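This report describes selected local features of one protein model.

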Amino acid sequence: HKLYFITTRGPAPRSASICHRKINTQQTTDTMLVNTIILFASSFLLIPSPSHALIPYLQRPYLKAQLRKACDRKEEAEIFRLAGELQTVNPTTDIIKDFDRLDGDWKLDFTTAPAGEVPDEGATGVKTYQTIDAAGGLIYNVIDRGLPEQGLRIEIGAEPTRKDRVALDFRTIEALSETFPKRFVFRFPPRKLVRAAFVAGNVLFGGGEPWDERKFKEIGHFDVLFLDEDLRIQRNSEGNLFINSRI
């Protein structure tokens with residue numbers, strides 16, 4: 001029997017060179033296939049983690065589900081963390097353009113506002129929800145203590161003033177009660193009157209600074225942190241967080 005040794009001192013036999021190229025081609029093909037499978041698995045099969053920036057349309061449903069669980073359990077630290085995560089994948093980047101996305105009925109899932117302002121449904125049984133008329137620029141905050149006999153209905157004007165901000169103009173508070181008076185309506189001073197007072201104050205005490213109309217409108221406001229078809233996260237001018245789900 002004869003033994004053949006292929007060395008680097010001379011050209012390899014043609015058959016060995018062809019075989020080597022075939023092996024390299026096959027290895028390259030296999031590597032590309034494995035990389036494609038890994039990429040596919042990473043995009044569609046892995047469970048999204050809130051600590052990693054995955055494709056937003058995959059990340060949002062997971063984060064929303066976790067946030068609703070945290071709201072049910074009243075886990076404030078987890079709620080704050082998840083709200084922050086959702087803010088980074090907010091699909092509504094311009095509320096001026098997409099103001100109509102607010103339209104409809106919304107129930108309150110969580111808030112940091114004092115219980116004296118917004119009753120805790122779990123502790124009191126009092127329901128709190130909103131009806132938003134985007135076309136009319138109106139928000140109705142409703143505190144249901146047993147409507148139509150008992151409760152509050154607050155009418156607020158709403159106007160988007162920045163890509164992430166909605167200015168608020170409180171109009172009326174309608175209180176309903178089983179005792180006298182059964183219906184009482186408090187009307188806030190007209191916006192034009194309030195504006196005139198602020199303009200006069202700016203002239204007298206503003207030190208010559210120009211009038212800022214937007215700043216005046218935004219005395220009361222909320223910032224949209226997240227908004228899609230069925231979840232809204234916002235922070236008001238007092239710094240309180242609100243999480244609402246569409247009814």
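Beyond its neighbours within four places in sequence, Thr92 is in contact (heavy atoms within 4.5 Å) with Asp98, Arg101 and Leu227. The model is predicted: local features need pLDDT of at least 70, side-chain atom pairs count only at pLDDT 80 or more, and totals for chains, interfaces and linings use all residues. Residues are numbered from 1 along each chain as its sequence is written, and side-chain values use heavy atoms, with hydrogens and water left out.

Thr92 sits in the loop between helix H3 (76-87) and S1. Helices (H or I, at least four residues) and strands (E, at least two) are DSSP runs, numbered from the N terminus. Thr92 counts as buried because its relative accessibility is 4%, where buried means under 20% relative accessible area with a 1.4 Å probe and protein chains only. The side chains of Thr92 and Arg101 are joined by a polar contact of 2.6 Å; such a contact is a pair of N or O atoms within 3.5 Å, one able to donate a hydrogen and the other to accept it, and residues adjacent in sequence count only if both atoms are side-chain atoms.

Helix H5 (residues 191-205) has 15 residues and should span 21 Å at 1.5 Å a residue, which agrees with the 21 Å between its end C-alpha atoms. The expected span is 1.5 Å times one less than the number of residues. Gly207, which follows H5, has a positive phi near 65°.

A pocket is an open set of points on a 1 Å grid over the protein atoms alone, where a 1.4 Å probe fits, with protein on both sides within 12 Å along at least five of seven lines; lining residues have an atom within 4 Å of a point. A volume is the space filled by probe spheres set on the points.

| Pocket | Volume | Lining by class |
|---|---|---|
| Largest | about 710 Å³ | 16 nonpolar, 9 polar, 3 charged residues |

Of the 28 residues lining the largest pocket, Asn141, Ile156, Phe170, Asn236 and Phe242 lie nearest its centre. S3 gives the most to this lining, with 4 residues.

The second largest pocket is lined by 27 residues, with Lys74, Leu108, Asp109, Phe110 and Asp120 closest to its centre. S1 supplies the largest share of that lining, 5 residues.

Notes: Nonpolar A, V, L, I, M, F, W, Y, C, P; charged D, E, K, R; others polar. Buried < 20%, exposed > 50% of the residue type's maximum accessible area, 1.4 Å probe, protein only.
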